[in-house]
Amino acid sequence: MWMKQHRSYEKIPKIRSAQFAVEWREWWCHLQPPSRLPQEETWPLPRVLPLDADEWDALCRGGNNGFFLVVLTLAWWICACHGEQRPLDDVLLAVEDVSWVVGALQLLRMYDRFLTNWYGTCFN
């Protein structure tokens with residue numbers, strides 16, 4: 001909703017941390033590859049690399065509507081927790097999961113480069 005109203009990044013929307021936590025996790029899960037989504041609802045998500053790097057396409061976006069939004073919304077959540085004097089346990093689990101995903105994306109990118117270079121060297 002905030003993005004649809006063309007809001008300024010400096011104007012943090014008023015959110016309730018408990019409700020936002022549920023909505024953020026649901027949104028984050030929607031962006032994940034199927035291999036990270038267990039049969040039962042669990043949090044944090046399993047740290048499983050997908051076999052196909054293309055499964056990460058929903059997260060591999062730059063610009064204002066890409067991964068930047070993930071980081072921005074985590075900042076909003078942290079601000080809401082501070083404003084409500086609530087513990088940061090849930091948001092820190094989310095930060096850890098996002099951090100793991102960034103590392104996994106980097107690892108897959110390096111692996112892809114390695115294979116591209118290896119195949120180019122071996123078969124040319």
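**View 1. The residue that follows helix H2 in this predicted model.** Just after H2, Gln85 adopts a positive phi of about 55°. The coordinates shown here and in the views below belong to a predicted model.

**View 2. Helix H2 and its buried residues.** Helix H2 covers residues 67–84, and because 18 residues at 1.5 Å a residue should span 26 Å, the separation of 26 Å between its end C-alpha atoms agrees with that expectation. The residues of H2 that are buried are Phe67, Leu69, Val70, Leu72, Thr73, Leu74, Trp76, Trp77, Ala80 and Cys81. An α-helix has 3.6 residues a turn, so residues three or four places apart point the same way.

**View 3. The largest nonpolar core.** This core holds 23 residues, and those with the most contacts inside it are Trp24, Trp28, Leu59, Val70, Leu74 and Trp77. Helix H1 (17–31), H2 and helix H3 (89–123) each contribute at least two residues to the core, and H2 gives the most, with eight residues. When residues up to four places away in sequence are not counted, Val70 touches Trp24, Trp27, Trp28, Leu31, Leu59 and Val98.

**View 4. Arg36 in the loop between H1 and H2.** Arg36 lies in the loop that runs between H1 and H2, and with a relative accessible area of 0% this residue counts as buried. Leaving aside residues up to four places away in sequence, Arg36 touches Trp28, Leu45, Pro46, Arg47, Val48, Trp56, Asp97, Trp100 and Val101.

**View 5. Cys60 in the loop between H1 and H2.** Cys60 is also placed in the loop between H1 and H2, where its relative accessibility of 48% means that it counts as partly exposed. The C-alpha atom of Cys60 is separated by 9.9 Å from that of Leu31, and these two residues are 29 residues apart along the chain.

**View 6. The whole protein, as a setting for the close-ups.** The secondary structure comes to three helices and zero strands, and reading along the sequence gives the pattern α-α-α. Of the 124 residues in the protein, 27% are buried, while the protein exposes about 8900 Å², of which carbon and sulfur atoms supply 56%. Among the contacts between residues at least 6 apart in sequence, 64% join residues that are at least 24 apart.

Technical notes. Residues are numbered from 1 along each chain as its sequence is written. This is a predicted model: local features need pLDDT of at least 70, side-chain atom pairs count only at pLDDT 80 or more; totals for chains, interfaces and linings use all residues. Side-chain values use heavy atoms; hydrogens and water are left out. Helices (H or I, at least four residues) and strands (E, at least two) are DSSP runs, numbered from the N terminus. The expected span of a helix is 1.5 Å times one less than its number of residues. Buried means under 20% relative accessible area, exposed over 50%, partly exposed in between (1.4 Å probe, protein chains only). A nonpolar core is a set of buried Ala, Val, Leu, Ile, Met, Phe, Trp, Tyr and Cys residues joined through side-chain atoms within 4.5 Å. Contact means heavy atoms within 4.5 Å. Accessible areas come from the Shrake-Rupley method with a 1.4 Å probe; for residues, only the protein chains shown count as cover.
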